[in-house]
Amino acid sequence: MNTDFYIEISGQRNVNWKEKVEKWLCYVAKEWSRFEQNNELDTLNQLKIGETLQLSAELYDCLKLADEYYTLTNKIFSPYLKYQLERHGYNQSFPFKEATRTSIQMDQTDGKPLLFLNGQRVLKMDDQQVDLGGFAKGYVVEKIAQWLQHEVAPEYGIVDGGGDMKMWSSGEKVWTIGIAHPSKNNEEMHYIKMKNGAIATSNRVFRSWRQDGEAKHHLLNGQTGEVIDSAILQTTVVTNSLCVAEVATKLCFLLHEEDFQQWFDKHKLPCACFIVKEDESSYWLKGGGKIDVS
């Protein structure tokens, strides 16, 4: 995942938690990366239309959840953008500054790229290929946090995977979280205090490059496969679920404010989004009900 992890927890019940967490992170980094050949994700992506594959329980669960948000957002958020990312030059792991243009042809239908069957099996429906990207990171951070909270440290804890955070507190512990400046290293724009919740941040600077002189970044419109053109520079979402937060950071770039708020109201998902624009002006946008970001 090319990500640094930080974990802080209260007094622990299980002394072997570090070894278990590291083992699972190594598994995900190896088997879910689109840059690795002959791993589980690559095997899935190499399926031909009409073929089926039994996935591991973890990958099946993560991909099925991502597919559900693909439907709920009317394809604005999409885990099926591997070809499109590669066409825009994102065909190698960061860091890189320049990319060459590639020509990729694919057939697709108006339906879902994958059909989810019983027994952790999936059926390939068209030529779209999977890149779970930041959604997988959020899923992994959330699962680690849930396991630590229930099995190791119920009092309090935080799991931070490259700025995507899940925290919990059953008592007086309050977390103070800084929102990083989108273009100034080691500088923070804002602070929030919270006991329980999830935070995800996405910006157009960190993973950006040039392709034949044209500026590109990793945020694509799931409906068109094109790079998002937006006056927003960075979004930070605070909500209950890190998977929801990962989806919401993308919606902030693509939806008008009223549509964003209506989507969260419709699905009864409390959410607060800290938006930074290109001129570095910033403001909060809330939807889906009350959430404390004081």
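# A guided tour of the model

Start at Pro-95, in the loop between α4 and β3. Helices (H or I, at least four residues) and strands (E, at least two) are DSSP runs, numbered from the N terminus. This is a predicted model, in which local features need pLDDT of at least 70, side-chain atom pairs count only at pLDDT 80 or more, and totals for chains, interfaces and linings use all residues. Residues are numbered from 1 along each chain as its sequence is written, and side-chain values use heavy atoms, with hydrogens and water left out.

**Backbone stops**

A cis peptide bond joins Phe-94 and Pro-95, with omega about 10 degrees. Most peptide bonds are trans, and most residues other than glycine have a negative phi.

Next, select Lys-75, in the loop between α3 and α4. Lys-75 is not a glycine, yet has a positive phi of about 75 degrees. Lys-75 is partly exposed, at 28% relative accessible area. Buried means under 20% relative accessible area, exposed over 50%, and partly exposed in between (1.4 Å probe, protein chains only).

Then go to Asp-212, in the loop between β11 (208-211) and β12 (214-217). Here too phi is positive in a residue other than glycine, near 55 degrees. Asp-212 is exposed, with a relative accessible area of 57%.

**A strand with two partners**

Select residues 232-239, strand β13. How many of its 8 residues are buried? The count is 8 of 8.

Two strands pair if DSSP finds at least two bridges between them. Pick out Thr-201: Thr-236 in β13 stands opposite.

**Salt bridges**

The whole structure holds 11 salt bridges. The criterion is a side-chain nitrogen of Lys or Arg within 4 Å of a carboxyl oxygen of Asp or Glu.

Select Lys-143 and Asp-61, whose side chains meet in a salt bridge at 4.0 Å, N to O. Lys-143 lies in helix α5 (residues 133-151) and Asp-61 in helix α3 (residues 57-72), so this pair ties together parts 82 residues apart in sequence. Lys-143 is partly exposed at 33% relative accessible area, and Asp-61 is partly exposed at 34%.

Move to Asp-67 and Lys-112. Their closest N and O atoms are 2.8 Å apart, in a salt bridge. Asp-67 lies in helix α3 and Lys-112 in the loop between β3 (98-99) and β4 (114-116), so the pair ties together parts 45 residues apart in sequence. Is Asp-67 buried or exposed? Asp-67 counts as buried, at 2% relative accessibility, whereas Lys-112 is partly exposed at 35%.

Lys-82 and Glu-86 come next, forming a salt bridge with closest N and O atoms 2.8 Å apart. Both lie in helix α4 (residues 82-87), 4 residues apart, and are separated by about one helical turn. Lys-82 and Glu-86 are both buried.

**Last stop: a charged patch**

Select Glu-187, Glu-188, Asp-279 and Glu-280, which form a negative surface patch. Patch residues have over 30% relative accessible area and no salt bridge; like charges are joined within 9 Å, nonpolar side chains (Val, Leu, Ile, Met, Phe, Trp, Tyr) within 5 Å. Glu-187 lies in the loop between β8 (175-180) and β9 (188-194). Glu-187 is partly exposed, with a relative accessible area of 37%.

Technical notes
Areas by Shrake-Rupley, 256 points an atom, 1.4 Å probe, with all protein chains shown as cover. Lys, Arg positive; Asp, Glu negative; His and termini not counted. Charge placed at Lys NZ, Arg CZ, Asp CG, Glu CD.
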